[in-house]
Amino acid sequence: MERIVEENYSITSQSNILQVEVFGPFNGHVTEKYIDDMYGACEQFSGQPWGLLISFYGNSVFSPEAEEALIKVNKYRVKHGLIANASVLIDSNTADIQQLQLRRIYQACNITFYVFSDISNAQSWLEQFLQQTPDD
């Protein structure tokens, strides 16, 4: 199990699921560091199918630049085996906007995704999705 912990986010891998926690909005520097850390985290799956469980805490509305950066990192994730994303919005007053932005990002990358309000339902959905997906 690999774990990266920064002030604004943490990245942990467990079997074929990458778990990410994001706290509040990112500035440009944090976004760049997150993307670098995410590139490294993706490579551990060696192209095998995997899922992303990402929990957003607080109001995490993305700037247009951050949205573009997230599309780029998600395309990288897909090239490295990402097949599904479960996003969880926690304690957010901007959940409707976040959900619209996430839909734009994941649809731009052709990623199967679902948005949840609690982590356990998100994890259950993601685990079931990964079990139903045949290996190449």
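**View 1. I4 stands opposite I11 in β2.** This is a predicted model, in which local features need pLDDT of at least 70, side-chain atom pairs count only at pLDDT 80 or more, and totals for chains, interfaces and linings use all residues. Residues are numbered from 1 along each chain as its sequence is written, and side-chain values use heavy atoms, without hydrogens and water. β1 and β2 (residues 9-14) pair in the antiparallel sense over three bridges. Strands (E, at least two residues) and helices (H or I, at least four) are DSSP runs numbered from the N terminus. Two strands pair if DSSP finds at least two bridges between them.

**View 2. Six strands form an open sheet.** Their order is β1-β2-β3-β4-β5-β6, with mixed pairing. β1 (3-5) and β6 (112-116) are the edge strands, and each pairs on one side only. From one strand to the next, the twist averages 15°. Angles run from 0 to 180 degrees between N-to-C directions of axes, which are lines fitted to C-alpha atoms, for helices over the stretch in contact (heavy atoms within 4.5 Å).

**View 3. α1 lies across β1, β2, β3 (17-23) and β4.** α1 runs at about 5° to β2.

**View 4. The largest pocket has a volume of about 210 Å³.** Of its 19 lining residues, V22, F26, F56, F62 and L70 are the closest to its centre. A pocket is an open set of points on a 1 Å grid over the protein atoms alone, where a 1.4 Å probe fits, with protein on both sides within 12 Å along at least five of seven lines; lining residues have an atom within 4 Å of a point. The volume is the space filled by probe spheres set on the points, which are joined across faces, edges and corners. α2 gives the largest share of the lining, four residues.
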